[in-house]
Amino acid sequence: MSSSPSAPGLGPITDAAPVSLCARAPHVPADRLVAEMVPPPRFDSVRFSTYIPDPNQPSQTEAVRVLEGFAAGLGGAHAVGGGKRGFLGFGRPKAPKLPPGPRGVYLDGGYGVGKTHLLASLWHATPAEPALKAFGTFVELTNLVGALGFQQTVQTLSGHRLLCIDEFELDDPGDTVLVSTLLGRLVDAGVALAATSNTLPGKLGEGRFAAADFLREIQGLSAHFRALRIDGEDYRHRGLPEAPAPFSDEQVTKAAYATPGASLDDFPHLLDHLAKVHPSRYGALTDGLKAVCLTDVRPVPDQSTALRLVVLADRLYDREVPVLASGLPLDRLFSEEMLNGGYRKKYFRAISRLTALARDGKGLAESD
């Protein structure tokens, strides 16, 4: 951080000026991409015991029971660290011979039923050291392949006991085939799999995830997955949350200077900067932030920019970084065309998450 006695026009506030995300251009080495494939901070403490099933939805209780048994079945000498391995998997012991039957689970359910909570709980419950388990979104997995190359990614992950993939994306046929091929190689190496997924674009209006779509798109892998249906009230049926009213530029700037570890950026400039940083680095872009303050929030101009913003929103949400903004309310970032298009599920998620972070950020301005 740079030192500054005051924010322009606001008088003395703090000795440290906020950082600018636009001034950050992080380099992320491949070993960090691998090491960070763990449940995000928001899900550090979740466990099966902290998942509260809806008593009116017995499938939720059944999912916990099945997943607990699945985790317990992933033990073994290799899983508990029977030998050390080097970076990118070299020197690791071979996976043990596995019992027959499905080696993967697919969590099939709509918004708000706790699929990510259950997926992270499975990761925590699996009896293996963290270096032998991996957890990431579909996008993070494709980023890993891009950073390491396909063969090196296979070598890196093939010694794992479990790979959890959240939000397996079925809207990009090329990436779907790439990851399906990767998972086939990992299954052959004895890696257990667990996944949730997005819907295909043509299915988005149905309001739920469809196991049949997932199993069809992963082609030859379907026999390796047991689909667990998790019923519950669907997110779309509850409607989008209303974002807090935006603050003034002056309030946002003052709060940024008054909050240690905050960033302060003009929103259009930040969107331009995101185009220069690979989405795999957005986590590093937010390292150490305690709050994100944005001025002059406007509608997102195009779909490529919107999809980059979705990734940033996910990284901020995972890290529980509050957001304070001026300009347009955050629930009006995306056009009606975007919200009715093939990627609308992602935009709904981004609105929901940014709205939650904006509620968290209100206190930064109101406490001044």
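This is a predicted model: local features need pLDDT of at least 70, side-chain atom pairs count only at pLDDT 80 or more; totals for chains, interfaces and linings use all residues.
Residues are numbered from 1 along each chain as its sequence is written, and side-chain values use heavy atoms, with hydrogens and water left out.

Let's start with the overall picture. You'll find 14 helices and ten strands in the protein; these are DSSP runs numbered from the N terminus, with helices being H or I of at least four residues and strands E of at least two.

Now for a sheet. Three strands line up in the order β8-β9-β10, forming an open sheet with parallel pairing; two strands pair if DSSP finds at least two bridges between them. At the edges sit β8 (262-266) and β10, each pairing on one side only. Between β8 and β9 there are five bridges, and one partner pair is Ser263 with Val292 in β9. Lying across β8, β9 and β10 is helix α9 (residues 249-258), which runs at about 160 degrees to β9. That angle is taken between N-to-C directions, from 0 to 180 degrees, using axes fitted to C-alpha atoms, for helices over the stretch in contact.

Next, the inside. The largest nonpolar core has 39 residues, and those with the most contacts inside it include Leu294, Leu312 and Leu330. Such a core is a set of buried Ala, Val, Leu, Ile, Met, Phe, Trp, Tyr and Cys residues joined through side-chain atoms within 4.5 Å. Helix α12 gives the most to this core, with eight residues. Leu330 itself touches residues including Ala243, Val297, Val323 and Ile351, leaving aside those up to four places away in sequence; contact means heavy atoms within 4.5 Å.

One last stop is Thr286, in the loop between α11 and β9. Is Thr286 buried or exposed? Thr286 is buried, because its relative accessible area is 2%. Beyond residues up to four places away in sequence, Thr286 touches Arg24, Leu312, Leu316 and Arg319.

Notes. Buried means under 20% relative accessible area, exposed over 50%, partly exposed in between (1.4 Å probe, protein chains only).
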